[in-house]
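Student: I have a structure open and would like to talk it through. Could we start with charged pairs and then move on to how helices pack?

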Amino acid sequence: MPWYTAEDYGEVRELMADRQNMPRTFEAWERAALQVEEETVRLGASVVRAVIEPWPFKAWCKMTGMELNAWARTTYAQMLMRSQRGGQG
């Protein structure tokens with residue numbers, strides 16, 4: 001699951017092409033994200049938080065030709081998790 005720190009959220013949001021779909025504040029985003037996480041776990045799935053830092057994410061999007069949006073955030077989070085697992089999963 002794409003995750004952000006309080007320090008980076010505003011900068012991440014400003015980079016995004018779909019920023020209008022993201023909560024304006026970290027606190028609002030965090031409340032919504034925790035609800036999604038809780039519901040996902042309740043349904044029996046596991047959640048792994050993949051922290052997205054602004055500039056590595058922007059560089060990755062540029063390198064891959066992806067627009068900075070929800071699809072890219074999810075794809076990047078999955079890539080981060082695979083690389084942490086040594087390419088598994």
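**Salt bridges and helix packing**

Tutor: In this predicted model, Arg42 and Glu39 form a salt bridge in which the closest N and O atoms are 2.7 Å apart.

Student: Where do Arg42 and Glu39 lie?

Tutor: Both belong to helix H2, where they are three residues apart, which is about one turn of the helix. Arg42 is exposed, with a relative accessible area of 58%, whereas Glu39 counts as partly exposed because its relative accessibility is 35%.

Student: OK, and how many salt bridges does the structure hold?

Tutor: It holds four salt bridges, and one of them joins Asp18 to Arg73, with the closest N and O atoms 2.8 Å apart. Asp18 lies in the loop between helix H1 and helix H2 while Arg73 lies in helix H4, so this pair ties together parts that are 55 residues apart in sequence.

Student: Are Asp18 and Arg73 buried or exposed?

Tutor: Asp18 and Arg73 are both buried.

Student: Switching topic, at what angle do H3 and H4 pack?

Tutor: Helix H3, residues 54-64, and helix H4, residues 70-84, pack at about 105°, and their axes are 11 Å apart. Angles of 65 to 115 degrees count as roughly perpendicular, so H3 is roughly perpendicular to H4.

Student: Which residues make that contact?

Tutor: From H3 there are Pro56, Phe57, Trp60 and Cys61, and from H4 there are Ala72, Arg73, Thr75, Tyr76 and Met79. Sorted by class, the contact has seven nonpolar residues, one polar and one charged.

Key
Residues are numbered from 1 along each chain as its sequence is written. This is a predicted model: local features need pLDDT of at least 70, side-chain atom pairs count only at pLDDT 80 or more; totals for chains, interfaces and linings use all residues. Side-chain values use heavy atoms; hydrogens and water are left out. Axes are lines fitted to C-alpha atoms, for helices over the stretch in contact, and angles run from 0 to 180 degrees between N-to-C directions. Helices (H or I, at least four residues) and strands (E, at least two) are DSSP runs, numbered from the N terminus. Angles under 35 degrees count as roughly parallel, over 145 as roughly antiparallel, 65 to 115 as roughly perpendicular and the rest as oblique. Contact means heavy atoms within 4.5 Å. Ala, Val, Leu, Ile, Met, Phe, Trp, Tyr, Cys and Pro count as nonpolar, Asp, Glu, Lys and Arg as charged, and the others, Gly among them, as polar. A salt bridge is a side-chain nitrogen of Lys or Arg within 4 Å of a carboxyl oxygen of Asp or Glu. Buried means under 20% relative accessible area, exposed over 50%, partly exposed in between (1.4 Å probe, protein chains only).
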